Amino acid sequence: AVRASDDVGRWGGEEFLVLLPDADAAEAEVAAERLREQIAATEFHADARPISVTVSIGVAILEGPRLDTTGLDVLIRVADAA
């Protein structure tokens, strides 16, 4: 559900980051909804029983060319709040 140019990584126990280079806020929101829908539509199994999985996704936009450690912390807090 992501583009070849996007980066996906695990941030914590159940948290993941998806970095969308060159995406504006509207594109990021469309990508987040597409990802949410695909996860909800995927059939997962636990102990041979199907389970439903849903996610909540927060979107945060970085303005500017660089992201330092302080900026990353702020960006993640904004996404968490969203």
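Me: How far apart are the end C-alpha atoms of helix H1?
Reply: H1 covers residues 25–41, which is 17 residues. The rule for the expected span is 1.5 Å times one less than the number of residues, and for H1 that comes to 24 Å. The helix agrees with the rule, because its end C-alpha atoms sit at a separation of 24 Å.

Me: Before going on, what is left out of the side-chain values here?
Reply: This is a predicted model, where local features need pLDDT of at least 70, side-chain atom pairs count only at pLDDT 80 or more, and totals for chains, interfaces and linings use all residues. Residues are numbered from 1 along each chain as its sequence is written, and side-chain values rest on heavy atoms, leaving out hydrogens and water.

Me: In what order do the elements of the protein run from the N terminus?
Reply: Helices (H or I, at least four residues) and strands (E, at least two) are DSSP runs, numbered from the N terminus. The protein has 2 helices and 4 strands. Starting at the N terminus, they come in the order β-β-α-β-β-α.

Me: What percentage of the residues of the protein count as buried?
Reply: Here's the scale: buried is under 20% relative accessible area, exposed is over 50%, and partly exposed is in between, with a 1.4 Å probe and protein chains only. The C-alpha atoms fill a box of roughly 45 × 25 × 20 Å along the principal axes. Of the 82 residues, the buried share is 9%.

Me: Within what arc do the buried residues of H1 fall, seen down its axis?
Reply: The buried residues in H1 are Ala 28, Ala 31 and Ala 32. They line one face of the helix, because, taking directions from the helix axis to the C-beta atoms, they fall within an arc of 100 degrees.

Me: Which exposed residues does H1 carry on the face turned away from its buried side?
Reply: Ala 28, Ala 31 and Ala 32 make up the buried set in H1. Turn to the face pointing away from that buried side, and the exposed residues there are Glu 29, Val 30 and Ala 41.

Me: Which residue caps the N-terminal end of H1?
Reply: Look at the backbone nitrogen of Ala 26, which has a side-chain oxygen 3.2 Å away. The residue supplying that oxygen, and with it the cap, is Asp 24.

Me: Over how many bridges do E1 and E2 pair?
Reply: Strands E1 (7–10) and E2 (residues 16–19) are joined by a hairpin through 5 residues. Two strands count as paired if DSSP finds at least two bridges between them. Val 8 has Val 18 as its bridge partner, and Gly 9 stands opposite Leu 17.

Me: Leaving aside neighbours within four places in sequence, which residues is Arg 3 in contact with?
Reply: Arg 3 sits in the segment before E1. In space it is 9.2 Å from Ala 31, C-alpha to C-alpha, though they are 28 residues apart in sequence. Contact means heavy atoms within 4.5 Å, and on that basis Arg 3 touches Leu 20, Pro 21 and Ala 23.

Me: How far does the backbone oxygen of Pro 21 lie from a polar atom of the side chain of Arg 3?
Reply: A polar contact is a pair of N or O atoms within 3.5 Å; within protein, one must be able to donate a hydrogen and the other to accept it, and residues adjacent in sequence count only if both atoms are side-chain atoms. The Arg 3 side chain makes one with the side chain of Asp 6 at 2.6 Å. Its polar atom facing the backbone oxygen of Pro 21 is at 3.1 Å.

Me: Is Asp 6 buried or exposed?
Reply: A salt bridge puts a side-chain nitrogen of Lys or Arg within 4 Å of a carboxyl oxygen of Asp or Glu, and Asp 6 forms one with Arg 3 at 2.6 Å, N to O. Arg 3, at 35% relative accessible area, is partly exposed. Asp 6 has a relative accessible area of 8%, so it counts as buried.

Me: With which residue does Glu 33 form a salt bridge?
Reply: The whole structure has 2 salt bridges. The closest N and O atoms are 2.6 Å apart, and the partner is Arg 36.
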